[in-house]
Amino acid sequence: MSARPQRWRAAWWLFLAAGSAAALATPLVTSPSARSGLHLAVALATPLVLVAGIRLHRPGRRTPWLLVAAGQLCRALGDLLHGGPGLPAGPAPLPWLADAAHLAAVPLLAAGLVSFTRGRRTSATGRLEVAITVVSLALPLWMHLVHPALGGAAGPAAARLRELGDPLGDLLLIALLVRLTSTAGLRSPAVRLLAVGTALLPVADLLPAPAGGAGAPGGLGAALGLAASLCWGAAGLHPAMRPLADGEESAAPASPGRPGLFVVTGVIPALMLFPEVVRPHPAHLWAVAAANVAVTALGITRMQFAMRDAVEAARARERVRAEAAHQAVHDALTGLPNRAGVLQLLHARLDLAERRRRPLGLLVVDVDHLARINDEHGELAGDEALASVARELAAAVGDGDVVGRLGGDEFAVVVEDVAGEDALPAVAERLTRLPLHVPSHGHLLEITCSVGVAVRSGGRAVDAEVLLHEAVTAAARAKGCGGARSWVFDDDLRAELEEQAEVEAAVRAGLGAGEFLLHYQPVVDVATRRLRGLEALVRWDRPGHGLVRPDLFVPVTERSDLVCELGRWVLGEATRQLAAWRAEGTVDADVHVAVNLSGRHLARRGVLDDVAQALAAADLPAHALVLEATETVLMEHEDVLDTMRRLRASGVGLSLDDFGTGYTSLEQLRTLPLDTLKVDRGFLVSGTAADRALVGLLVHCAHVFGLQVVAEGVEREEHLALLREVGCDLAQGYLLSRPVPADAVARAVREATADLGALGEA
């Protein structure tokens with residue numbers, strides 16, 4: 001909502017309070033002219049306020065409120081022509097015009113109420129409530145207004161028409177108001193104000209007129225008539241007028257107040273029956289009796305419809321709950337049981353297999369290269385592939401077996417009555433090569449799968465979650481071996497996983513116990529013989545095992561977020577140590593430290609904060625840190641590329657490690673966010689002429705793209721000579737220095753730079 005309506009949110013309350021005070025004060029004013037002026041001022045304020053509310057809140061549908069404003073204007077004009085301020089004393093000069101204006105207000109107000117309900121459906125219960133209200137209120141209006149007017153002395157036709165039109169108009173407006181509440185409810189403040197204003201109309205008409213006649217602006221009845229108009233005006237000034245006009249209020253048959261409203265009106269005929277019965281000469285006994293019979297019949301019918309609606313609503317809620325329960329355990333794409341559904345079924349089948357003492361098998365089918373299908377052919381093709389796999393799996397397994405989708409590209413098959421040790425591996429091998437072709441965008445996509453097998457057999461007690469984990473692990477092992485094959489979770493794999501879990505727990509404990517340390521290997525400028533950087537390499541001093549190489553524990557940590565925790569420690573320790581060396585003068589201020597980060601760590605947005613916190617804690621500039629990642633990490637994770645771009649924009653150096661062992665093309669070097677290229681040691685170690693020529697080509701291409709080149713694996717003097725010949729920038733290897741602890745870096749740097757200088761002179 002704009003600022004302007006916000007400032008005027010309380011305007012409706014101020015208008016209602018001030019106008020009501022003026023209306024109630026009208027009968028207390030002794031001067032007829034002043035009383036008439038006050039009455040007309042309040043009456044004319046209502047249509048003006050309604051127009052102001054339309055301009056203020058700007059509803060999409062203005063017609064309903066414009067009709068209401070026109071009706072209120074007609075009522076005010078009728079009062080004015082009946083005896084406004086400044087007019088001659090005595091009868092109104094144009095009584096027929098005053099009566100016509102007053103009577104015209106009813107159809108305009110009725111048309112406004114009808115417009116509010118446009119597009120809203122009235123239920124049968126709501127229509128019956130309208131009928132009960134109309135019959136109940138029609139009885140007192142007939143007895144006290146309509147019947148006396150019909151049997152009274154003859155007079156002007158317009159005046160008699162007004163005497164009949166006022167109660168009939170009130171009845172019409174109340175009926176339409178009840179209909180509105182049956183569709184929009186009573187929760188809206190605008191509807192409540194309209195309801196109060198409409199309810200005051202028959203009360204005002206039933207009160208006796210003042211001595212000045214029906215048109216005189218005095219008496220409690222006239223004051224209540226003004227109060228009714230004020231409520232309508234306040235409804236149009238309230239912010240809730242906009243959703244009411246635009247049909248945004250939801251139907252609320254059970255909103256607070258509505259049942260009580262029609263119950264109170266429904267007992268009116270019953271309350272009027274006793275006085276008529278005990279009266280010696282009842283004038284309206286048959287009318288009261290007929291009204292009671294009609295209200296009773298309508299009430300019984302309404303109760304029947306309400307009970308029917310309640311039953312239908314209960315059934316609808318039950319259907320919704322059943323649908324929600326079905327969706328909770330079923331996959332929307334394939335219609336198969338989802339992970340939760342598979343676990344439920346697996347629990348039940350395991351219990352049954354245990355009672356029968358029969359083995360139970362679980363296959364996890366992992367669709368190979370689904371991400372590539374999505375990238376090359378679109379997600380629709382990927383969805384078609386998954387749906388096709390689901391159909392083929394359902395057709396390929398037995399009648400008693402259950403197929404479900406675990407999520408992503410994984411499916412599960414629960415196999416009962418496993419016959420023989422070789423039965424499940426044979427089924428799994430068959431599922432790796434399903435005769436499946438998915439037509440998409442004019443292509444036929446051949447799908448292969450990796451299948452993991454887990455069996456509950458013999459007396460081994462295993463629950464559903466453990467069996468599923470075993471099958472998923474076996475499927476991951478099959479996929480890691482190239483895909484399109486199966487793998488059985490056996491005792492060897494179980495022992496391997498137990499060992500990995502033991503190593504992971506030991507690594508986690510070792511991080512807390514301070515068992516990890518960093519070794520550093522110098523990176524030297526080939527041309528200037530100066531130290532340019534130090535690569536930090538993590539080591540684990542495991543109690544009882546000695547110094548453990550990274551390749552024996554880092555792969556274990558990469559299977560969980562433990563590798564991120566290890567990476568954060570390496571970042572913090574490496575930057576802290578570099579800051580200490582700079583302060584001591586061990587290294588120059590332009591020397592950087594290089595840290596290897598895993599793909600899992602780089603794929604997390606939190607790595608940006610990890611790097612920033614490490615640099616801030618060490619009080620180092622961003623260019624003092626170089627992050628290294630392998631080709632596989634950069635090319636297989638789009639999120640990693642985005643994170644690397646953000647890191648490079650912050651000033652951190654980026655290096656592509658082991659270049660030449662992956663599938664990065666030279667053309668891709670143009671777009672990758674890199675500063676340095678590290679040529680894999682294999683090109684130098686092989687010593688072949690082709691590899692020597694390839695080293696020169698790689699150095700040349702890297703320089704074309706503005707990248708520095710670090711050659712790894714420099715172990716012999718001829719390696720260094722080759723690097724000088726092809727113009728390589730930096731060198732790193734055992735010829736210069738092995739990785740050493742932090743306290744040996746100073747000596748290693750002196751020896752590396754001295755050896756390089758001696759080699760250069762030779």
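Which residues in helix 19 meet which residues in helix 21?

A: Quick ground rules before the details. This is a predicted model, in which local features need pLDDT of at least 70 and side-chain atom pairs count only at pLDDT 80 or more, while totals for chains, interfaces and linings use all residues. Residues are numbered from 1 along each chain as its sequence is written, and side-chain values use heavy atoms, with hydrogens and water left out.

Now to your pair. On the helix 19 side you have Glu-504, Val-507, Arg-508 and Leu-511, and they meet Leu-562, Glu-565, Leu-566 and Trp-569 of helix 21. Contact here means heavy atoms within 4.5 Å. Sorted by type, the residues of this contact come out as five nonpolar, no polar and three charged. For that sorting, Ala, Val, Leu, Ile, Met, Phe, Trp, Tyr, Cys and Pro count as nonpolar, Asp, Glu, Lys and Arg as charged, and the others, Gly among them, as polar.

How do the two helices sit? Their axes are 11 Å apart and the packing angle is about 30°. The axes are lines fitted to C-alpha atoms, for helices over the stretch in contact, and angles run from 0 to 180 degrees between N-to-C directions. Helix 19 and helix 21 are therefore roughly parallel to each other; angles under 35 degrees count as roughly parallel, over 145 as roughly antiparallel, 65 to 115 as roughly perpendicular and the rest as oblique. Their crossing is left-handed, a label used if the near helix is turned anticlockwise from the far one by less than a right angle, with right-handed used if clockwise.

Zoom in on Leu-562, which belongs to helix 21 (residues 562-584). Helices (H or I, at least four residues) and strands (E, at least two) are DSSP runs, numbered from the N terminus. Leu-562 is buried, at 1% relative accessible area; buried means under 20%, exposed over 50% and partly exposed in between (1.4 Å probe, protein chains only). Leaving out residues up to four places away in sequence, Leu-562 touches Glu-504, Val-507, Arg-508, Leu-511 and Thr-557. Take Arg-508: it is 54 residues from Leu-562 along the chain, yet their C-alpha atoms are separated by 7.2 Å.

Over in helix 19 (residues 491-513) you'll also find Gln-500. Gln-500 counts as buried too, at 13% relative accessibility. Again skipping residues up to four places away in sequence, Gln-500 touches Arg-477, Val-556 and Arg-559.

Helix 12 passes helix 13 in a left-handed crossing. Among the residues making that contact are Met-272 and Leu-273 of helix 12 and Val-288 and Val-295 of helix 13. The contact residues split into nine nonpolar, one polar and one charged.

Stepping back, the chain has 29 helices and 17 strands, and 47% of its 762 residues count as buried. Residues 24 or more positions apart account for 71% of the contacts in the chain with a separation of 6 or more. In case you're thinking about cysteines, the structure holds zero disulfides, a disulfide being a pair of cysteine sulfur atoms within 2.5 Å.
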